[in-house]
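Have the viewer open and follow along.

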Amino acid sequence: MGVKNAAVFPLVRTRAFAQPFDYRVPDHLVAAVEVGSLVAAPLGPRTVLGLVVSVAATTHYKRRIRRLKAVVELPPVPRDLVQLGIRVQF
């Protein structure tokens, strides 16, 4: 089945989030999305930069899941730095 969902921490200065949001990964982005990827993700009425902290084939979220819009063409953040950021809650 492959990766179809990504947990993403929005990178915004106006608010800190306690946990990532789940997003559906469109088929054309599956190959580019990995832990550490920077992505364009919808958040409310706008699109924000986000950091992928995990990927999975399924999600436990029961409501409608929004789709990622794009992957930023930059090297991914190293996995050990992503894990450090999760531990200190960004």
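The side chain of Tyr23 gets to the backbone oxygen of Pro42 at 2.6 Å, a polar contact, meaning a pair of N or O atoms within 3.5 Å where, within protein, one must be able to donate a hydrogen and the other to accept it, and where residues adjacent in sequence count only if both atoms are side-chain atoms. Bear in mind that this is a predicted model: local features need pLDDT of at least 70, side-chain atom pairs count only at pLDDT 80 or more, and totals for chains, interfaces and linings use all residues. Residues are numbered from 1 along each chain as its sequence is written, and side-chain values use heavy atoms, with hydrogens and water left out.

Tyr23 itself sits in strand E2. Strands (E, at least two residues) and helices (H or I, at least four) are DSSP runs numbered from the N terminus. Is Tyr23 buried or exposed? Tyr23 counts as buried because its relative accessible area is 4%; the cut-offs are under 20% for buried and over 50% for exposed, with partly exposed in between (1.4 Å probe, protein chains only). Ala7 is 16 residues away from Tyr23 along the chain, with 6.4 Å between the two C-alpha atoms.

Next, the loops. Ser37 belongs to the loop between strand E2 (21–24) and strand E3 (38–43), and Ser37 is buried because its relative accessible area is 4%. A polar atom of the Ser37 side chain lies 3.3 Å from the backbone oxygen of Ala32. Beyond four places in sequence, Ser37 touches Ala32, Gly50, Leu51, Val52 and Pro76.

Val30 is also placed in the loop between E2 and E3. With a relative accessible area of 25%, Val30 is partly exposed. The contacts of Val30, not counting residues up to four places away, are Val3 and Val25.

Thr59 takes us to the loop between strand E4 (46–56) and strand E5 (70–71). Its side chain makes a polar contact with the side chain of Asp22 at 2.3 Å and reaches the backbone nitrogen of Tyr61 at 3.2 Å. Asn5, Asp22 and Ile65 are what Thr59 touches once residues up to four places away are set aside.

Here are some C-alpha separations side by side.

| Pair | Residues apart along the chain | C-alpha separation |
|---|---|---|
| Tyr23 and Ala7 | 16 residues | 6.4 Å |
| Ser37 and Val8 | 29 residues | 9.3 Å |
| Val30 and Arg87 | 57 residues | 26 Å |

Now zoom out. The protein has one helix and five strands, and from the N terminus they run β-β-β-β-β-α. How does the radius of gyration fit in? For 90 residues a compact globule would come out near 12 Å, and the protein has 12 Å, so the two agree; the radius is taken over C-alpha atoms, and the globule rule is 2.2 Å times the number of residues to the power 0.38. The C-alpha trace spans about 30 × 30 × 25 Å along its principal axes.

Buried residues make up 36% of the 90. Of the contacts between residues at least 6 apart in sequence, 64% join residues at least 24 apart.

How values were computed: Contact = heavy atoms within 4.5 Å.
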